[in-house]
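Me: Could you go through this one with me? I have a few quick questions.

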Amino acid sequence: MTVRTTCPYCGVGCGILATRQPDGQVKIAGDPKHPANFGKLCSKGLALAETIGLEQRQLHPMLNGARASWDEAIAKVAEGFRETIALHGPESVAFYVSGQLLTEDYYVANKLMKGFIGTANIDTNSRLCMASAVAGHKRALGADIVPCSYSDLESADLIVLVGSNLAWCHPVLFQRIQAERQKRSLKLVVIDPRRTATAEEADLHLALKPGSDVALFNGLLADLYRRGEIDARFVFARTNGLGEALLAANEWNAQKVVAETGLTQSEVNAFFELFARHAKTVTCFSMGVNQSTAGTDKVNAIINCHLLTGRIGKAGAGPFSLTGQPNAMGGREVGGLATTLAAHMEFENPEHRAAVQSYWKSPRIAEKAGLTAVDMFRTVRDGRVKAIWIMSTNPAVSMPDAGAVTEALKQCPLVVVSDITMNTETSKLAHVFLPAAAWGEKNGTATNSERRISRQRPFLDRPGEARLDWRIICDVAKGMGFAGFEYSGVADVFREHAGLTGVANKGTRALDLSGLASIADADYDALTPFQWGGAHPHKSLSFQTADGKARFVATPYRAPALAISCGEFRLNTGRIRDQWHTMTRTGLSARLMQHRGEPHVEINPRDAEKLGISHGDLVRVKNSAGEVIARALITQHIATGDIFMPMHWSGSFASAARINTAIEGNTDPVSRQPELKAGAAMLSRYEAAWHGFGLSVQRPQLAVGYWSLQPVTNGYAFECADTASLDDVDSFAKRLLGVDDDDEVASVFSSNGGFARFALIREGRLAGAFFMNKEPVTAARNWLAGQLGAEVEPLQMLRGRPGSAAEDRGAIVCACMSVGRNEIWTHAARHPSASLNALCEATGAGTGCGSCRPEVARIISEASQRLQAAE
């Protein structure tokens with residue numbers, strides 16, 4: 001049976017066809033009828049079937065580390081929250097929820113906290129992603145409404161991507177753009193300090209100084225005004241505040257923009273000219289804009305340029321916030337942020353508060369905004385919040401100042417976690433663990449970046465005692481003695497949510513799902529994707545402000561406050577192509593770990609040379625808040641003085657790679673979104689006495705100074721190193737690999753002890769290997785991993801590379817099709833005149849989601865240059 005559902009990763013909201021096979025396996029494919037992706041999926045989506053096993057799942061409630069019944073667990077949570085509130089008031093408790101929740105889950109959590117407990121201390125990890133976009137929308141447009149649709153990307157003549165590595169973070173959208181660019185002259189500008197995979201594909205890449213976006217867009221606003229590129233009828237009839245915005249922007253002539261952004265005069269002129277010349281312009285922005293102490297001003301500086309030119313509310317034009325999580329938008333709709341009430345109603349409006357309380361029939365209603373994410377965990381640490389419930393997220397890794405978050409949870413009297421696994425830093429700190437249903441088992445709705453609501457449907461039975469999140473929340477609410485949580489099913493929750501969007505509305509709020517408030521269960525089950533607000537919710541040029549007009553917002557430029565001392569680097573964090581958040585799901589897929597399977601830090605070659613760091617060395621990234629160890633990736637794609645490290649690795653996959661321990665919790669004064677793109681850190685070489693690489697059919701127990709682990713087919717691969725000498729490498733290797741008396745071990749040593757290799761053969765098959773060297777180990781890692789569990793020649797394994805009869809694919813470039821660098825290089829060398837498309841067709845690389853194509857093009861270029869040099 002094939003079930004139509006929705007992907008649980010980014011905010012694109014791709015439709016998926018999940019088919020249970022007769023042998024119980026699941027086949028995943030893109031849904032060709034879903035308007036978000038039309039059948040396309042990225043590498044993560046294609047690998048979803050590899051992440052739904054039960055090996056990491058916790059399937060029973062736990063109390064203080066011991067198994068408990070659901071009745072015991074619910075009673076403990078209900079009693080703990082009830083007693084805490086009785087002793088210390090409602091402000092002493094908090095919920096921290098997640099964009100991984102479905103809208104129905106979010107809805108009942110928000111209702112319980114704001115209407116029954118009576119505080120707004122419920123915030124979401126979407127605070128880390130999109131809070132600045134929310135605040136910017138509300139300041140300019142009167143409500144949190146995304147003005148655009150995905151179809152605008154295909155009807156625009158110019159697309160500007162700001163702080164968005166779309167090729168890696170929203171690959172399906174990027175391929176829609178690239179497909180359109182193949183057909184016609186659609187210009188692409190990428191504004192990003194790093195030369196990302198997206199920037200490599202741009203017509204113009206503006207590698208501006210980090211944090212200088214407002215200066216650039218203030219300069220653009222002033223330039224557009226000087227040119228007379230003004231939609232005067234729209235501006236004077238449908239907007240307010242232009243004068244104040246221009247006062248803040250007029251000083252930013254091109255020369256001053258150049259001085260502040262570090263761009264060249266020609267780059268600034270080219271961008272200003274492109275924007276002025278193309279009426280159909282879409283400006284997409286994401287984490288590089290939002291995750292900033294000036295994030296809200298960045299959003300409004302972008303929106304100002306679209307308001308001045310009237311490029312909003314029409315096809316192919318508008319400012320477009322690209323959401324990071326699959327249901328961050330659904331959470332925003334129901335009020336999952338501490339700074340909004342519910343259904344796009346606000347605390348400041350007494351009519352809204354009264355309407356929501358009346359609709360919920362709740363004993364009380366929160367009257368003001370609650371604790372946002374950073375402040376929430378600070379109040380946990382200082383003891384004001386004494387009970388916290390964390391749902392479907394891992395803040396001990398993903399939050400800034402993650403070390404302090406961990407310490408806060410350790411000393412909190414009551415920590416409740418509902419999640420699918422206890423194998424996270426956060427779950428391990430829970431006094432009460434509640435096993436939740438996972439993707440594939442959940443039932444409900446989610447809203448994507450273009451306001452399109454889709455169904456997420458179950459195609460797997462819930463294992464063990466796992467429960468749906470909305471049901472867990474309702475059980476706790478009833479345990480606390482509250483009425484109003486007796487739902488007949490998930491459709492009943494949706495009906496109530498839909499009804500609330502129509503309360504006190506009178507056509508003043510674009511979010512109005514009240515037509516679905518009486519939807520039958522069968523119709524809810526069959527619900528097809530639909531978009532609230534239509535393709536362009538501002539088509540009528542009416543906005544949700546008091547006077548119906550959009551507002552220009554003055555955005556005086558504030559230079560980044562980050563102080564970089566002598567010897568320090570500016571630390572930037574973010575995502576990579578094949579991983580998601582803290583890897584609790586993607587880390588289970590061997591395929592997704594092949595491209596970049598180890599924590600790494602990008603360093604400019606000149607900086608690396610000064611510090612004596614070579615490509616592949618281990619390095620320390622350190623400041624007063626924390627320290628991590630990662631592999632050096634030396635690249636021209638990052639500027640001197642800057643370093644970049646992915647935020648994904650946790651203690652499940654590496655010894656010391658929680659990079660957010662080194663990021664302070666500074667926040668935007670308006671949105672309270674934390675700065676995750678700017679930290680100050682020292683960089684130094686990790687002076688390892690030895691380095692190791694190994695494979696094992698069982699998870700190895702690694703207790704050394706540095707280690708990282710990744711799943712491979714039939715087992716695990718690992719890297720390790722230490723500053724202390726390895727005196728007895730033979731005993732160490734055998735203990736690490738779990739050698740039994742009946743096993744065969746082939747080995748080779750150097751006379752000076754600087755080199756050793758082991759191959760563990762069990763019943764004629766490779767069960768493990770360990771290579772030790774004084775320098776980083778050189779070996780055909782992917783080829784070796786492919787031999788695990790296979791019948792092998794022991795001496796061949798000790799060589800660490802295939803013989804002439806075998807082929808080493810090299811490091812995997814295309815995760816969708818498992819195509820390696822060596823395969824691409826070989827084909828490019830043999831067919832030097834072949835186009836990128838021809839090579840991709842021949843090798844399979846880039847024929848899945850396409851997000852690897854910039855890297856494939858780079859390999860082709862390198863091969864061509866090598867051939868020319870050899871001639």
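Reply: What follows goes from the overall fold to the cores.

Reply: This is a predicted model, in which local features need pLDDT of at least 70, side-chain atom pairs count only at pLDDT 80 or more, and totals for chains, interfaces and linings use all residues. Residues are numbered from 1 along each chain as its sequence is written, and side-chain values use heavy atoms, with hydrogens and water left out.

Me: How many helices and strands are there in the protein?

Reply: The protein has 29 helices and 34 strands, taken as DSSP runs numbered from the N terminus (helices H or I, at least four residues; strands E, at least two).

Me: And what does the C-alpha trace span along its principal axes?

Reply: The trace spans about 80 × 70 × 55 Å. The radius of gyration of 27 Å agrees with a compact globule of 871 residues, which would have one near 29 Å, where the value is taken over C-alpha atoms and the rule is 2.2 Å times the number of residues to the power 0.38.

Me: New topic: which residues touch the most other members in the largest nonpolar core?

Reply: Tyr96, Ile159, Phe320 and Ile388 do, in a core of 93 residues; such a core joins buried (under 20% relative accessible area, 1.4 Å probe, protein chains only) Ala, Val, Leu, Ile, Met, Phe, Trp, Tyr and Cys residues through side-chain atoms within 4.5 Å. Helix 17 (residues 373–381) gives this core its largest share, five residues.

Me: Which residues does a second, separate core include?

Reply: That core of 68 residues includes Val77, Ala143, Ala436 and Ile472.

Definitions and conventions: Buried means under 20% relative accessible area, exposed over 50%, partly exposed in between (1.4 Å probe, protein chains only).
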